[in-house]
Amino acid sequence: TQESIFAFAVSSERSAEIIVKAIRAGADELLSAMPTAEELLKALVKVIEKRRTNLDQQKKTNRIITFFSPHGGVGVTTTAINFALELKRLTREEVVFVDLDLQRGESPVFLNFQPSYNILDVCEGIAGLDPVLMKGSLHSHPSGLQVLAPPTNVEDCEAVQPDHVEKILNLLRDMYRWVVVDTSSHLNEVALVALERANRVYLLCDNMVPTVRACQRMLDTLARLGIDTEQFRAVMSKPFPRSEITAKDVAEALKCEVVASIPYDDSTSVAAANQGLPLREVNARSGIVEAIEELTKKEAGIEEHARTSRGLFGRLFSE
């Protein structure tokens, strides 16, 4: 990228006029035609400092979004994949989806592709992992979403180590604006890495006592492990209309803000999974599509931007 380029200008003169011209032409540093060792050393130090600053800024901007639930059947994979697709559609920024449900990950089924490479290939080359190897291991979905698939064989899951996953997520965050992570329902070491490295964790939970209790126990476990849960937000997924437990009850039980409610719509979800299509392509008017879109807008800050940029004409008609 342009931010990673450091341009040198070379001149036999070092007058103020020449320095100004070099800066206006885009040079970061002016070197003499025959630079001394000290002059070169100062220039290289500036290069290192600029690169470090760019990486720090990038890490502050790029985000890892992890979806997790300790209770199966609440639609973690459906929500995570379609959240990633909505991020790509709404922001038009670079988005990568990482399937860390290593034993049961079904992103190839949900997105209808046969992976040429998967996370195991990345782990086998972990010592030499760089952006070139990483990009070559991703599947490019027609939507533009990049996908890191899970291992093909269940027995290969043990080869994916927590330190591998940490290195992979760190590199992907440097490479992509958004890194969306799907996890298994087991609070294993790989899941812990995905939770710890995340800028935001969406904890999916319905409004039944067993699920709420499972989420409570999981949060208690993280607290005992010393893991900060400040970045956690609860999402009510597939809430049962006849349950007396409300979103407020869930928020109080988990001590975690409930930021969205994703309705029960098995007809759309099942059709999308069976056909390997985004939910939006199956039924754009479904409540589940609208809920995931709204959650995505909140995360990306799109709603706030839209409100502040409508101007007088838009505000008059919205009122």
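Mentor: Before we start, residues are numbered from 1 along each chain as its sequence is written, and side-chain values use heavy atoms, with hydrogens and water left out. This is a predicted model, in which local features need pLDDT of at least 70 and side-chain atom pairs count only at pLDDT 80 or more, while totals for chains, interfaces and linings use all residues.

Trainee: What pLDDT does the protein chain average?

Mentor: pLDDT is the predictor's confidence in each residue, on a scale from 0 to 100. In this chain 88% of the residues score at least 70, and the average is a pLDDT of 87.

Trainee: How many contacts beyond four places in sequence does the model have for residues 305-310, where pLDDT stays under 50?

Mentor: Where pLDDT is low, the predicted coordinates should not be read in detail. Residues 315-319 also stay under 50, with 1 contact beyond four places in sequence, a contact being heavy atoms within 4.5 Å. For residues 305-310 the model has 1 such contact.

Trainee: Which word describes the packing of α7 and α8: parallel or antiparallel?

Mentor: Two packed helices are described by the angle between their axes and the distance between the axes. Helix α7 (residues 162-175) and helix α8 (residues 189-196) pack at about 25°, their axes lying 9 Å apart; axes are lines fitted to C-alpha atoms, for helices over the stretch in contact, and angles run from 0 to 180 degrees between N-to-C directions. Angles under 35 degrees count as roughly parallel, over 145 as roughly antiparallel, 65 to 115 as roughly perpendicular and the rest as oblique. The angle therefore makes α7, relative to α8, roughly parallel.

Trainee: Which residues of α8 make the contact with α7?

Mentor: On the α7 side, the contact is made by P162, V165, E166 and L169. By class, the contact has 6 nonpolar, no polar and 2 charged residues, where Ala, Val, Leu, Ile, Met, Phe, Trp, Tyr, Cys and Pro count as nonpolar, Asp, Glu, Lys and Arg as charged, and the others, Gly among them, as polar. The residues from α8 are E189, V190, V193 and A194.

Trainee: At what angle do α3 and α13 pack?

Mentor: Helix α3 (residues 76-91) and α13 have axes 9 Å apart. Their packing makes α3 oblique to α13, and the contact has 7 nonpolar, 5 polar and 5 charged residues. The angle is about 60°.

Trainee: Which side chain meets E299 in a salt bridge?

Mentor: The structure holds 10 salt bridges, each a side-chain nitrogen of Lys or Arg within 4 Å of a carboxyl oxygen of Asp or Glu. In this one the N to O distance is 3.3 Å, and the pair links distant parts of the chain, 99 residues apart, with E299 in helix α13 (residues 287-300) and its partner in strand β8 (residues 200-205). The partner of E299 is R200.

Trainee: What separation do the C-alpha atoms of P239 and V74 have?

Mentor: P239 is placed in the loop between β9 (232-237) and α10. Not counting residues up to four places away in sequence, P239 touches N207, S261, I262 and P263. Along the chain P239 and V74 are 165 residues apart, whereas their C-alpha atoms are separated by 9.1 Å.

Notes:
Helix = DSSP H or I, 4+ residues; strand = E, 2+ residues; numbered from the N terminus.
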